[in-house]
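Please read the points alongside the structure shown here.

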Amino acid sequence: MSAEIIRIAPPSGAYDVVVGEGLLDELGDLLASRTFCKDAFIIADSTVASLYLERARTALEAAGFTVGSAVFPAGETHKNLPTLGELLEDMAKARLDRTGTVIALGGGVTGDMAGLAAALYMRGIAYVQVPTTLLSMVDSSVGGKCAVDLAAGKNLAGAFLQPSLVVADVRTLATLDDGVFSDGCAEVIKHAVLADPRLFESLSREALSKDDPHERLISVIARNIDIKRSFVESDEREQGPRKLLNLGHSIGHAVEAASGYTLGHGHAVSIGLSAITKAAEGLGWAEAGSAAAIIDALDRHHLPTSSPYPVDELIGYARLDKKCDADGITLAVPEGIGHASLRHVGFEEFARIIALGTGAS
Ligand SMILES: NC(=O)c1ccc[n+]([C@@H]2O[C@H](COP(=O)([O-])OP(=O)(O)OC[C@H]3O[C@@H](n4cnc5c(N)ncnc54)[C@H](O)[C@@H]3O)[C@@H](O)[C@H]2O)c1
Ligand SMILES: [Zn+2]
């Protein structure tokens with residue numbers, strides 16, 4: 001089966017995203033044909049390393065690359081400065097020079113950390129994203145945002161650095177836990193609500209599954225990347241329209257924090273997306289029926305749509321969101337299926353929206 005290639009061309013430089021099946025074994029050829037220097041350094045978490053690191057190494061070595069690697073313990077709790085520091089030390093020990101390429105092999109945690117390591121190492125070297133979760137294929141591997149968490153909050157230390165190439169092999173999705181696959185479905189549904197009523201309709205009719213024919217997975221992932229492309233190209237640094245991609249995230253981040261980060265990112269976004277749509281419909285900002293349609297689509301993907309946390313607690317966490325300014329927050333608000341807008345609201349109105357959306361008074 002042929003792969004799909006999406007060209008992303010933000011102001012800081014263009015790159016390809018290749019989506020297909022069996023691409024992990026072609027990694028070396030895909031890099032070599034784009035004239036990367038022959039030094040590669042793979043970063044993976046412990047789970048992905050045991051599944052795919054040797055396959056990636058073999059493919060790269062077969063194409064003439066020298067391959068170093070570093071593995072860190074899996075999980076969001078390791079997306080922090082100590083782990084980042086160890087990765088940088090490992091890169092230096094391997095004598096990676098500034099012409100080398102970092103390969104981020106894994107989900108969003110690996111992509112974020114390896115991207116930031118590449119941005120910092122010798123003031124910036126190239127990196128390639130090889131996403132292995134649905135979430136990282138449709139969202140985090142594209143767009144150049146990379147960050148680690150601080151004690152004070154998520155993604156507080158980071159940089160913008162676009163990858164030089166993204167290679168998504170849908171075969172790697174077969175080994176994902178169902179819950180982790182569902183996390184990615186929340187971002188897929190978010191993209192459909194933002195920009196694609198036809199995709200939304202297809203997801204509502206038949207839920208996406210990791211057991212789907214690869215043709216469907218490739219086509220849905222490629223469409224999602226194309227949606228993200230349009231926002232990244234028009235607003236690389238998230239000064240304006242790219243903020244729409246935060247749909248469901250302002251309340252979602254509060255839910256994530258309230259869960260002590262035990263709830264998967266996509267699960268929290270699902271609750272956030274349901275809440276903001278319910279509130280928007282209640283306030284007359286979104287077409288009638290939008291909330292029921294979105295909640296039904298999320299349900300079909302085994303995602304939660306109501307918050308188990310007290311509204312006051314959510315409001316407290318929401319005010320700490322780094323998207324807040326002195327007066328309030330710019331919210332992405334759905335207007336119907338396929339279109340959304342940005343609205344700046346004060347803190348009191350934001351609290352009212354959270355209460356309305358999460359069903360508490
Ligand atoms: N930079 C961005 O633009 C952006 C956008 C969205 C999310 N993110 C970040 O992405 C992270 C979430 O990403 P994620 O959900 O991919 O988390 P993750 O990277 O932690 O992966 C989830 C789990 O799946 C495992 N895994 C990964 N691939 C696998 C595979 N093929 N088979 C079996 N297990 C596999 C991992 O080891 C991990 O335990 C968060 O830290 C979030 O902040 C970043
Ligand atoms: Zn997200």
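1. The shell around ligand 1 divides into eight nonpolar, 15 polar and seven charged residues (Ala, Val, Leu, Ile, Met, Phe, Trp, Tyr, Cys and Pro count as nonpolar, Asp, Glu, Lys and Arg as charged, and the others, Gly among them, as polar). This is a predicted model, in which local features need pLDDT of at least 70 and side-chain atom pairs pLDDT 80 or more, while totals for chains, interfaces and linings use all residues. Residues are numbered from 1 along each chain as its sequence is written, and chains are lettered from A and ligands numbered from 1 in the order written.

2. In total, 30 residues surround ligand 1 (C-beta atom, placed from the backbone, within 6 Å). The closest are Thr47, Gly107, Gly108, Thr133 and Ser140.

3. The automatic or database assignment gives domain 1 (4-175) and domain 2 (178-357). Each of these domains supplies at least three residues to the shell around ligand 1.

4. The C-alpha centres of domain 1 and domain 2 lie 26 Å apart. Their contact takes 28 residues from domain 1 and 29 residues from domain 2 (C-beta atoms, placed from the backbone, within 7 Å). On the side of domain 1 that touches domain 2, H5 gives the most, with five residues (helices are DSSP runs of H or I, at least four residues, numbered from the N terminus). That side has 18 nonpolar, five polar and five charged residues.

5. In H3, Thr83, Leu84, Leu87, Leu88 and Met91 meet Met113, Leu116, Ala117 and Leu120 of H4. The residues of this contact comprise eight nonpolar, one polar and no charged.

Key
Contact = placed C-beta atoms within 7 Å. Helix = DSSP H or I, 4+ residues; strand = E, 2+ residues; numbered from the N terminus.
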